[in-house]
Amino acid sequence: MSVQDLLLEDMKQAMRDKESGKLRLSVIRMVRASIKNIEIDKKKELSDEEVAEVLAKELKMRKASIEEFKKANRDDLVETLEQEIEILLKYIPEQMSEEEITLLVVDAIKEAAATNAKDMGKVMALLMPKVKGRADGKLVNNIVKEKLNA
């Protein structure tokens with residue numbers, strides 16, 4: 001079952017659940033709308049990998065919003081966003097651990113023959129296709145910086 005099929009089935013179930021499924025329903029509808037908009041722009045149906053990228057983007061937006069709402073002492077909104085993130089995590093492929101990313105980074109540094117921070121672009125170009133949708137780009141970037149500066 002594709003991620004889009006799973007989203008559709010869960011949306012139907014959330015509608016059946018009425019009151020208890022309202023937040024889940026709205027999150028799923030937002031994600032499906034984002035996917036649909038991208039499909040319209042690209043004039044093709046998205047693959048599961050491309051859907052995972054959309055989901056990762058939605059997740060990243062919510063995490064960034066949480067930080068801003070915490071600074072503004074809006075705990076009510078933080079709590080809602082944390083619930084939305086929990087819902088989204090069900091559809092995102094399992095994220096790579098820091099150890100797995102570090103191993104890939106070390107391999108990419110060797111492959112690119114990178115020696116300093118100036119070679120970061122080469123390393124990132126090798127890494128990003130391997131971790132796309134399965135790791136946060138910011139985390140990957142930080143690990144690469146750390147390894148190149150060590």
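This is a predicted model: local features need pLDDT of at least 70, side-chain atom pairs count only at pLDDT 80 or more; totals for chains, interfaces and linings use all residues.
Student: Which elements give two or more residues to the lining of the largest pocket, and which residues are the closest to its centre?

Tutor: The largest pocket holds about 630 Å³ of space, and its lining divides by class into twelve nonpolar, three polar and nine charged residues. The elements that each give two or more residues to this lining are H3, helix H6 (120-131) and helix H7 (137-149). Of the 24 lining residues, the closest to the centre are Ala56, Lys60, Ala135, Asp136 and Gly137.

Student: How far apart are the end C-alpha atoms of H3, and what span should its 24 residues give?

Tutor: The expected span of a helix is 1.5 Å times one less than its number of residues. For the 24 residues of H3 the span should therefore be 34 Å, which agrees with end C-alpha atoms that lie apart by 35 Å.

Student: Which residues of H3 are buried, and what covers them?

Tutor: Buried is taken here as under 20% relative accessible area. The buried residues of H3 are Glu50, Val51, Ala52, Val54, Leu55, Glu58, Leu59, Arg62 and Ile66, a list that includes the charged residues Glu50, Glu58 and Arg62. What covers the buried residues of H3 includes H1, H2 and H4.

Student: Which residues does Leu55 touch, leaving aside those up to four places away in sequence?

Tutor: Leu55 is among the residues with the most contacts inside the largest nonpolar core, which has 22 residues. Helices H1 (3-16), H2 (22-42), H3 (48-71) and H4 (75-89) are the elements that give two or more residues to this core. With residues up to four places away in sequence not counted, Leu55 touches Val3, Val31, Leu88, Tyr91 and Ile92.

Student: What volume does the second largest pocket have, and how do the residues of its lining divide by class?

Tutor: The lining of the second largest pocket includes Leu7 and Ile35, which are also among the residues with the most contacts inside the largest nonpolar core. H1 and H2 each supply at least two residues of this lining. The second largest pocket has a volume of about 180 Å³, and its lining residues divide into four nonpolar, two polar and six charged.

Student: Which residue just after H3 takes a positive phi, and of about what value?

Tutor: H3 runs over residues 48-71. Just after this helix, a positive phi is taken by Asn73, at about 55°.

Terms used: Residues are numbered from 1 along each chain as its sequence is written. Side-chain values use heavy atoms; hydrogens and water are left out. A nonpolar core is a set of buried Ala, Val, Leu, Ile, Met, Phe, Trp, Tyr and Cys residues joined through side-chain atoms within 4.5 Å. Buried means under 20% relative accessible area, exposed over 50%, partly exposed in between (1.4 Å probe, protein chains only). Helices (H or I, at least four residues) and strands (E, at least two) are DSSP runs, numbered from the N terminus. Contact means heavy atoms within 4.5 Å. On a 1 Å grid over the protein atoms alone, a cavity is a set of points where a 1.4 Å probe fits but cannot get out, and a pocket is an open set with protein on both sides within 12 Å along at least five of seven lines; lining residues have an atom within 4 Å of a point. Grid points are joined across faces, edges and corners, and a volume is the space filled by probe spheres set on the points.
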